[in-house]
Amino acid sequence: MPEPGVGVKLTPRHYAYLKISEGCNHRCTFCIIPSMRGDLVSRPVDEVLIEAEKLVRGGVKELLVISQDTSAYGVDLRYAERDWRGSPRRTQMTALCEALSELGAWVRLHYVYPYPHVDEVIELMADGRILPYLDIPLQHASPRILKLMKRPGAVDRTLQRVQAWRAACPDLTLRSTFIVGFPGETEAEFGELLDFIEAAQLDRVGCFAYSPVEGARANDLPDPVPEAVKHERLERFMAVQARISAARLRAKIGREIEVLVDEIDGDVAIARSAADAPEIDGIVQVADGAGLRPGQFARVRVTGASEHDLDAVRI
Ligand code: SF4
């Protein structure tokens with residue numbers, strides 16, 4: 001996935017990407033990132049925190065934590081302890097999140113895998129210390145296809161985990177990405193994926209038809225799915241998810257939420273809530289937002305919803 005480099009801030013002033021590691025220890029068969037960038041190399045926690053502090057001092061209101069596998073952060077450094085603000089901090093995902101939560105900015109986690117220790121960051125989300133938002137690329141739901149993909153994580157327990165997270169943190173927004181038409185995917189296995197997204201009721205979902213990447217091991221797998229079938233499955237998947245997403249957004253009508261304003265367009269403020277990562281999720285259009293300014297937080301009441309976005313007014 002393309003990511004801005006460390007220290008290069010190409011985004012508006014009020015949000016910034018915080019890259020915590022490079023490379024990846026997994027070997028998913030459709031991906032060539034490990035062969036291009038090598039194994040996981042984490043940045044020591046104090047380095048990351050010093051950068052985050054500078055960003056917040058410079059006006060950043062939202063930190064987007066990125067990596068190839070955020071849940072693996074620090075494993076290569078054996079979770080080394082470093083001093084920050086006079087106390088020892090571990091180079092580890094939960095410890096990083098705890099420290100980031102002291103900075104007073106929104107903290108949003110991307111590319112987290114469903115390992116058991118993710119439960120610890122759900123607690124921080126439930127306590128309001130970091131945003132209740134988890135971007136968790138699952139890619140498929142059929143155990144056989146996930147095995148062919150060589151995906152990390154205990155896939156068979158993902159649904160229970162999602163349900164437990166929602167019970168612990170009812171406001172949790174879950175984003176994921178999936179691939180349909182992976183080599184060998186049968187209609188029944190695609191059906192397992194549809195059943196999973198119906199059951200999991202994810203909030204935000206990206207889906208791609210499988211396309212071979214030069215150098216990826218998945219290219220050698222037998223039984224490629226014909227293009228027409230891939231695209232037909234993609235459309236069916238997106239239709240189911242659009243219905244789920246629209247219903248989940250409709251359920252927010254009438255609620256009061258906090259938003260961060262990205263830009264002003266005439267009388268309307270284009271903003272985002274905790275449920276909306278910039279550039280990939282939806283927006284909240286605040287109808288009477290002319291008095292707001294980019295980078296400002298505001299309380300709004302949700303008045304309407306579409307497939308991806310919300311309408312709101314100021315409270
Ligand atoms: S987890 Fe898999 S898909 Fe993600 S970067 Fe690592 S090898 Fe690639």
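D262 and R272 pair up through their side chains in a salt bridge, 2.7 Å from N to O (a salt bridge being a side-chain nitrogen of Lys or Arg within 4 Å of a carboxyl oxygen of Asp or Glu). The pair links distant parts of the chain, with D262 in strand β11 and R272 in strand β12, 10 residues apart (strands are DSSP runs of E, at least two residues, and helices runs of H or I, at least four, both numbered from the N terminus). D262 counts as buried at 18% relative accessibility, and R272 does too at 1% (buried is under 20% relative accessible area, exposed over 50%, partly exposed in between, with a 1.4 Å probe and protein chains only).

This is a predicted model, in which local features need pLDDT of at least 70 and side-chain atom pairs pLDDT 80 or more, while totals for chains, interfaces and linings use all residues. Residues are numbered from 1 along each chain as its sequence is written, and side-chain values use heavy atoms, with hydrogens and water left out.

Searching the whole structure turns up 25 salt bridges. One of them joins R204 and D276 at 2.3 Å, N to O. R204 sits in strand β10 (residues 204–209) and D276 in the loop between β12 (268–273) and β13 (284–286), so this pair ties together parts 72 residues apart in sequence. Both R204 and D276 are buried.

D46 and R82 also form a salt bridge, their closest N and O atoms 3.3 Å apart. Here helix α2 (residues 45–57) supplies D46 and strand β5 (residues 81–84) supplies R82, 36 residues apart. D46 is buried at 15% relative accessible area, whereas R82 is partly exposed at 35%.
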